[in-house]
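Let's take a walk through a protein together. Have the sequence and the 3D view ready, and follow along as we go.

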Amino acid sequence: MSAGGGTKAVVAALGANLAIATMKFVAFALTASSSMLAEAIHSVADSGNQVLLLVGGKRASRAASPQHPFGYGRERYIYAFIVSIVLFSVGGLFALFEAWEKLQHPHGIEGPWWWVPLAILVGSIAAEGFSFRTGLREARPFRGGQSWVSFIRTAKQPELPVVLLEDFGALIGLVCALFGVSLTLATGSGVWDALGTGLIGLLLVGIAAVLALETSSLLLGESAGAEDLARIEAALTSDGTRIIHLRTMHLGPEELLVGAKFSVARGATGEQIARAIDDAEARIRSAVPSARVIYLEPDIPRSEQRGDPAIR
């Protein structure tokens, strides 16, 4: 994973979640609050997810092999998809199960440690806010002029959307937990604690679903973004070449496959065609450095083929 791909944001989130998980488990041990247990498991799941993202980035950096000639860039997408499964199962479903259990046997928060969950939740909001701010700062160079929603949907670096959604979800989840714990303390009814836990579960399931949809699209193979596609087209046609068709696909966040069929003049020699292909490849790589694998096929335009069917 490149440094620009969000490593700093992932490491910041990992450090924050490990510290927060420890504090939440302490609060649960002292108060038996289901919201605190759900939040603790949520933080453990998030920590595991950040480790998965780091492992995926490391494995994706391996050199291409005969068995995988296009390299291992998509490992980052695979590990990001696994993250969505972990968030759904470990985080979301556990929280929903815990909420159901608490509704069956509600109990308030009593004893001298009643204040601990409130203090830890407030401190956790501050720590998650710092992590979220780091993620936003790391994502801005990649976002350009897009809205944040558009960036989440179109980003090719999976780590940044994952960290941003996890941190955003963690902040909302902490507010839900604070809501449940505060009303439980105020009313003495554990039902509010269970409701806060249920809200956390629904939130995590929703975020996991969004991550699964976005990363599955990347796994299937997404084309270059509109800006890169325009640059490739401009590079190909800058010498008057006509594009018959153009296909692109991301082999990884920073690796792009480009395939194109372009026109050549009838009667062009093999040497002239080879030189045209080499020049076109050089222009494409100069315009879009991430275009690592380029396949160009010359063809005669339909109008010049004297009735022969065009090869599409």
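Before anything else, you need one term: pLDDT is the predictor's confidence in each residue, on a scale from 0 to 100. You need it because what you're looking at is a predicted model. The protein chain has an average pLDDT of 84, and 94% of the residues score at least 70. Where is confidence highest, and where is it lowest? Strand β2, at residues 255–263, comes out highest with 93, while helix α1, at residues 7–31, has the lowest mean, 83.

Now let's head inside. In soluble globular proteins, nonpolar side chains tend to be buried together. Here, the largest nonpolar core has 37 residues, and Leu-53, Phe-151 and Leu-164 touch the most other members. Which helices supply at least two residues each? They are α1, α2 (34–60), α3 (75–104), α4, α5, α6 (159–187) and α7 (191–220). Of these, α6 gives the most to the core, with 10 residues.

Setting aside neighbours within four places in sequence, Leu-164 is in contact with Phe-132, Gly-135, Leu-136, Ala-139, Trp-148, Phe-151 and Ile-152.

Next, let's look for pockets. The largest pocket has a volume of about 620 Å³, and 23 residues line it. If you want to find its centre, look for Phe-142, Lys-156, Gly-225, Glu-227 and Asp-228, which lie nearest to that spot. The elements that give two or more residues to this lining are α4 (116–143), α5 (148–154) and α8 (226–237). Which of them gives the most? That's α8, with four residues. What kinds of residues make up the lining? By class, there are nine nonpolar, eight polar and six charged ones.

One more stop: the second largest pocket, with a volume of about 180 Å³. Its lining takes in His-68, Pro-69, Phe-70, Gly-71, Tyr-72, Gly-73, Arg-74 and Glu-75, along with Ile-78 and Leu-251. Sort that lining by class and you get five nonpolar, three polar and two charged residues.

Note on methods:
Residues numbered from 1 in each chain as written. Predicted model: local features only at pLDDT ≥ 70, side-chain atom pairs only at ≥ 80, totals over all residues. Heavy atoms only, no water. 1 Å grid on protein atoms, 1.4 Å probe; cavity = no way out; pocket = protein on both sides within 12 Å on 5 of 7 lines; lining within 4 Å. Points joined across faces, edges and corners; volume = space filled by probe spheres on them. Nonpolar A, V, L, I, M, F, W, Y, C, P; charged D, E, K, R; others polar. Core = buried A, V, L, I, M, F, W, Y, C linked by side-chain atoms within 4.5 Å. Buried < 20%, exposed > 50% of the residue type's maximum accessible area, 1.4 Å probe, protein only. Contact = heavy atoms within 4.5 Å.
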